[in-house]
Amino acid sequence: MGALQPEFGFAYRHFDAPLGGEIINLDLSAPLSDAAFDALRKSFLDAQVLVFRNQFNLTPQQHIAFSRRFGELQIHVLKEFHLSGHPEILVVSNVVENGRKIGLGDAGRYWHSDLSYKEEPSLGSLLHAQELPATEGDTIFANMYLAYETLPDPIKQRIEGRRAVHSYTLKYDDLRARSNARNALTPEQLAQVAPVSHPIVRVHPETGRKALFVSEGFAARIEGLPEGESDELLKFLFAHSTRPEFLYRHKWQPGDLLFWDNRATIHLAVGCPPDQRRTLYRTTVKGDKPV
Ligand code: SIN
């Protein structure tokens, strides 16, 4: 797995982990040829979580422009946490400035795939470190191909052809109760995040591999099953998909930009001590309707 790409001046290395890889020696603020971009796209599909190191020069405009090369960008429903002048960027931050929360402070505290609650969920997200805490603040990723492939056959049979309802509001009140990081949703915001249903197992549109597509953050119930059976099966799937042998834990370094595949991974932000500042900028690329 993984390959060097010296012809483009950068190198790709797959981590010694069930997923994840890094691009070394590439400045995303500089022009990138179509051929080099294609090589990056292959590395992304291989790694599922691609780490671009040392992106100290990348401006929000360049972050947006690079993200757009992968597809249309999705605008997050929490518009109060958009970067000023750049609604394509969601600010993930625990920083309060002049009494105002500059970003979403508790983003990703449950395992999830970004925007799985949309009819057309995300292809991938690009998260760029701005300010990192001295301790903690890691992001953990799970390989959902492996999660599917290692399911016991009876479970594969039980979920075959079934769909799960994904809801943005599933954990929203719980998160609000745990901290003061987010406001109540307005009727206008609620209207933008009506629940949707997706296959529990999806076929990745680019690799053709099957991946499990449920997570504790957004998957509320399995359609057509009694509540107790749906809860029991989802609980099993959530626990199975986050087994240690499917995980890569990213320890952020200054200048990192991560690009992860929301069609084949889920992730969890572990958080950091409240007295330490953590700010990252996120764009989200729209993907296909899962099949
Ligand atoms: C997210 O879920 O997009 C946020 C991840 C993080 O803050 O590490």
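Modeller: Let's start with the open sheet, in which 3 strands lie in the order S12-S11-S15 with antiparallel pairing. Strands here are DSSP runs (E, at least two residues), and helices are runs of H or I of at least four residues, numbered from the N terminus. This is a predicted model, where local features need pLDDT of at least 70, side-chain atom pairs count only at pLDDT 80 or more, and totals for chains, interfaces and linings use all residues. Residues are numbered from 1 along each chain as its sequence is written, and side-chain values use heavy atoms, leaving out hydrogens and water.

Colleague: What makes S12 and S15 edge strands?

Modeller: Strand S12 (196-199) and strand S15 (219-222) each have a single partner strand, so one side of each is left without a neighbour in the sheet.

Colleague: How do you know that S11 and S15 pair?

Modeller: Pairing asks for at least two bridges found by DSSP between two strands. Strand S11 (residues 163-166) and S15 are joined by 3 bridges, so they count as paired, and they run antiparallel. His166 stands opposite Ala219 in S15.

Colleague: Why is Asn25 called exposed, and why is Gln48 called buried?

Modeller: Buried means under 20% relative accessible area, exposed means over 50%, and partly exposed lies in between (1.4 Å probe, protein chains only). Asn25 has 62% relative accessibility, so Asn25 counts as exposed. Gln48 has 3%, so Gln48 counts as buried. Asn25 sits in the loop between strand S3 (21-24) and H1, while Gln48 sits in the loop between H1 and S4.

Colleague: What makes phi worth a look at Asn25?

Modeller: Most residues other than glycine have a negative phi. Phi of Asn25 is near 70°, a positive value, and phi of Gln48 is also near 70°.

Colleague: What makes a set of residues a nonpolar core?

Modeller: The set must be buried Ala, Val, Leu, Ile, Met, Phe, Trp, Tyr and Cys residues, joined through side-chain atoms within 4.5 Å. The largest such core here has 28 residues, and Leu26 is among those with the most contacts inside it. H1 gives this core its largest share, 6 residues.
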